[in-house]
Amino acid sequence: MIDFAIYMTTIVCIWAVLAISLNIQFGLTGLVNFGQILPFAIGAYSAGIASFHGLPIWVGVLAGLIMGPLIGFLVIFPTRRMAQDYWALASLGIAEMFRLTMLNFRGIAGGVEGTIVERLSDPRVAMAVSVLALVVSFIVAERISKAPLGRLLRVIREDETLAATLGRNPFRFQVVAMAVAWAMASAVGVLYAHITGFVDHGSFMVIETFIIWTAVIVGGPGRNLGVVVGAIIIQAMSVSTRFVAQWTDLPSDVVANLRLALVGLLLVVMIMYRPEGFLREKKPNYDVKS
Amino acid sequence: MAAAPVAAEPISVGVIANLTGTDVRTSVNMTRGIEMAVADINEAGGIDGNPITLITEDSEYRLQEAMNAANKLYGVDNVEVAIMFGGSSLMIPVANLAQDKGRVLINTSSSSSKLGDYPGTLFSVLPLDDIIGKKLGEWVAERGHKSAAFVVPNNTFGTGLMNAAADAFVASGGEVLAQVAYTEGNPNYRADMQTVANVEPDAIIAAGYGDDSRTIFKNAQQLDIAAPWYGAYPTIFAIDDEEWMSERFFGVDNGGASLKSTMELAERYRAEYGEEPLSHVFYGYDAMQIVAKAMELGGTSSSEIAASLPEVVKSYEGATGKITWDDRGQRIDPPVEFVEFKDGAFHILGTGE
């Protein structure tokens, strides 16, 4: 049971970092990224590519940390003039392009067969690293959120034109937010590859992005603690419902389908009745006279 | 004073299958095969009087959920052995975990050569791709076809099988005109099938399953492609227009289907579930049977099961025929059957090893 708790803590921390990463982009800056799985995949594939070509582990780790924000910049630069809805679709498409490239080009990281990556065989070490990643990500996200940068990102989220009238270049700040967010996601992508010991395209489907979005929407967009809670809720639901089949006489395939339906139901209920999420974003009032 | 009777202690066996997500039908067939085996084993008295109970977990055909399932089974339910359905992208990470924890994993569906890297942990009842692929390629050439086009899903199973079949077909004097590896889950494969139509092959060699195979056949019919189809594991293909496919669809399937015991099992399946069994019913059944026999022979701990399994299969002739493993626990030299689809059912044209 302790092993399972260690494993679940590890996984929850990874998904919580992904949720924080999306929250910086969407909750704070208003960037609707439907390809949030991409920086995660870049990190994992950095580890996978290094392993596939016989390079040392540290090369993969370093590449993951650098390539995440770098590719983020390459993605946002040509699409910067797009309206948010088109940007959302572009991000979805770019993530799929990356996945399909990895699927179809065997020489990069094994193609359809995927590639084996050296594992962190001690689950406690994996947990410690993932907890550390969450703590660091949370502190960075909180500091951004509470700093003048965070306030400006919120202005950009609400009205880009207004931000521009303040003498700021919204695009520049969107790039900063995206670089930080993608660095976080990419870092846990590297970690995830070394926890599972295998990288292939199937782990980076659109549904994974949907799960991250669900965590953010359920937890509370705009609030870092909220999205961490959202990630915990979604992962806990996924795991806890596994025990239902053993406690009831329901067939396991029925329970499996109910489990997925429950996540969808939670999302619909939250959007309808509490769109601000479980933990509402705190909107501080500033006394402009003082 | 007489000793109080000892209550029979259930022995838990884990099952990991994609009960939701893609390829559910095949996976559920495998699960049902395991359940039928457990019914037989328990009816015969269980393992030294202890009944087997199954703990079935859904993988959603996603790595994350497969790992959640495996961690729960090995870490919370403390099962010594799990039987799994899923591709190599799920099977390999779960095998890593099983190896770390010193547990046993039985593979019923993945056929990647990388599975051989886990001797003593991972045992396969499904033969490797290259074996069935080789037999399929050779058989198509034997039947007088000079050229062929390949249509397979773009995954480890599809491409592995295509490579092996193409090599065998070319080695037997055939010519490969096109190799189409389609992306799974599309609503239409007309463009892929147009590629096949353009090269006018003597035969089409295919792998596939579920809705995708149904759509592929439909698109081929729309394009008036007249070439006969040769499929690997043809019983897992989904066929809508049985009349059009009649005497047009052939294939190489696992052996054993013509055995009396297998036919009885198939009949039982039809009676219980009201549908034709896929071959994965038999893989699931055999997986559970060899696990039970290994428990009877050597004990119920994972190390005892792992040590007994190679001994058990030497004398076991199951629903998929005789099982022969290499020294890594991977199935080699499986008995095969060459079949033809005719009048709504598959008919055996011949057998081989």
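Biologist: How do the residues lining the second largest pocket divide into nonpolar, polar and charged?
Modeller: Keep in mind that this is a predicted model. The lining of that pocket has 8 nonpolar, 6 polar and 4 charged residues.

Biologist: Which residues lie nearest its centre?
Modeller: L250(A), P251(A), S252(A), E35(B) and T56(B), out of 18 lining residues. The elements giving two or more residues to this lining are α12 (244–247) and α13 of chain A, and α1 (24–43) and β2 of chain B.

Biologist: How much space lies in that pocket?
Modeller: About 380 Å³.

Biologist: What lines the largest cavity?
Modeller: From chain A, T241(A), R242(A), A245(A), S252(A), V255(A), A256(A) and R259(A); from chain B, L19(B), T56(B), E57(B) and D58(B). By class, that lining has 4 nonpolar, 3 polar and 4 charged residues.

Biologist: Which element gives the largest share of that lining?
Modeller: α13(A), with 4 residues. Both α13 (252–273) of chain A and β2 (52–58) of chain B supply at least two residues.

Biologist: Now the surface. Which residues make the nonpolar patch of about 1000 Å²?
Modeller: Among them are I57(A), W58(A), V61(A), L62(A) and F77(A).

Biologist: Where is W58(A) found, and why does W58(A) count as exposed?
Modeller: W58(A) is in helix α3 (residues 57–76) of chain A. W58(A) counts as exposed because its relative accessibility is 58%, and the cut-off for exposed is over 50%.

Note on methods
Residues are numbered from 1 along each chain as its sequence is written. Chains are lettered from A and ligands numbered from 1 in the order in which they are written. This is a predicted model: local features need pLDDT of at least 70, side-chain atom pairs count only at pLDDT 80 or more; totals for chains, interfaces and linings use all residues. Side-chain values use heavy atoms; hydrogens and water are left out. On a 1 Å grid over the protein atoms alone, a cavity is a set of points where a 1.4 Å probe fits but cannot get out, and a pocket is an open set with protein on both sides within 12 Å along at least five of seven lines; lining residues have an atom within 4 Å of a point. Ala, Val, Leu, Ile, Met, Phe, Trp, Tyr, Cys and Pro count as nonpolar, Asp, Glu, Lys and Arg as charged, and the others, Gly among them, as polar. Patches are made of residues with over 30% relative accessible area and no salt bridge: like charges are joined within 9 Å, nonpolar side chains (Val, Leu, Ile, Met, Phe, Trp, Tyr) within 5 Å. Accessible areas come from the Shrake-Rupley method with a 1.4 Å probe; for residues, only the protein chains shown count as cover. A salt bridge is a side-chain nitrogen of Lys or Arg within 4 Å of a carboxyl oxygen of Asp or Glu. Buried means under 20% relative accessible area, exposed over 50%, partly exposed in between (1.4 Å probe, protein chains only). Grid points are joined across faces, edges and corners, and a volume is the space filled by probe spheres set on the points.
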